[in-house]
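Try each task first, and then compare your steps with the solution.

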Amino acid sequence: MKAARAREVMEVLLDKLPEKKCIVVRNALAAADEGKAEAVLGAKLHGTLSVVLLSVFLGWLGVDRFVIGDVRLGVCKLLFWWLTLGIWPLIDIFFCYKKAKQKNFEKIMRLL
């Protein structure tokens, strides 16, 4: 793929990936063909803003963990959040944000 096209795709994906992994994705995009770039752009990725909002407002129910695919941890959070006096959902806001970006990275690398 051309470098200009790889830059365009990276601009779209920039806020959905961990900062340290962007170079890896850009290099993989540069080595991939045009069809894979379209597959990456068409992939359903987790929106980091939506994950943070779910975590803030419904985090005590574990909804944020269910959305990003951590079902077991979501169930544990749903059942036991009260044991931590509500601290677990507050701390988990940051962890869910990072986990959503990591899951997006893994999905993109599988597509490439």
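**Exercise 1: Two packed helices**

Helix α6 (residues 71-80) and helix α7 (residues 87-111) pack with their axes 10 Å apart, at an angle of about 150°. Work out how the two helices run relative to each other, and which residues make the contact.

*Solution.* 
Step 1. This is a predicted model, in which local features need pLDDT of at least 70 and side-chain atom pairs count only at pLDDT 80 or more, while totals for chains, interfaces and linings use all residues. Residues are numbered from 1 along each chain as its sequence is written, and side-chain values use heavy atoms, with hydrogens and water left out.
Step 2. Axes are lines fitted to C-alpha atoms, for helices over the stretch in contact, and angles run from 0 to 180 degrees between N-to-C directions. Angles under 35 degrees count as roughly parallel, over 145 as roughly antiparallel, 65 to 115 as roughly perpendicular and the rest as oblique. Therefore α6 and α7 are roughly antiparallel to each other.
Step 3. From α6, the contact (heavy atoms within 4.5 Å) involves L73, C76, K77 and F80; from α7, W88, P89 and D92.

**Exercise 2: Cysteines**

Find how many disulfides the structure holds, and look at C96.

*Solution.* 
Step 1. A disulfide is a covalent bond between the sulfur atoms of two cysteines. The rule here asks for a pair of cysteine sulfur atoms within 2.5 Å.
Step 2. The count is 0 disulfides. For C96, the closest cysteine sulfur is in C76, 13 Å away, which is too far for a bond.
Step 3. Check accessibility: buried means under 20% relative accessible area, exposed over 50%, and partly exposed in between (1.4 Å probe, protein chains only). C96 is buried at 0%, and C22 counts as buried at 12%.

**Exercise 3: A positive phi**

Say where L85 is placed, and whether L85 is buried or exposed.

*Solution.* 
Step 1. Most residues other than glycine have a negative phi. L85 has a positive phi, near 60°.
Step 2. L85 sits in the loop between α6 and α7.
Step 3. With a relative accessible area of 77%, L85 is exposed.

**Exercise 4: An aromatic pair**

Describe the geometry of the pair formed by W60 and W81.

*Solution.* 
Step 1. Rings of Phe, Tyr and Trp (its six-membered ring) pair if their centres lie within 6.5 Å; planes under 30 degrees apart count as stacked, over 60 as edge-to-face and the rest as tilted. This gives 1 aromatic pair.
Step 2. W60 and W81 are 5.5 Å centre to centre with 65° between the planes, an edge-to-face pair.
Step 3. W60 is partly exposed at 37%, and W81 is partly exposed at 27%.

Methods:
Helix = DSSP H or I, 4+ residues; strand = E, 2+ residues; numbered from the N terminus.
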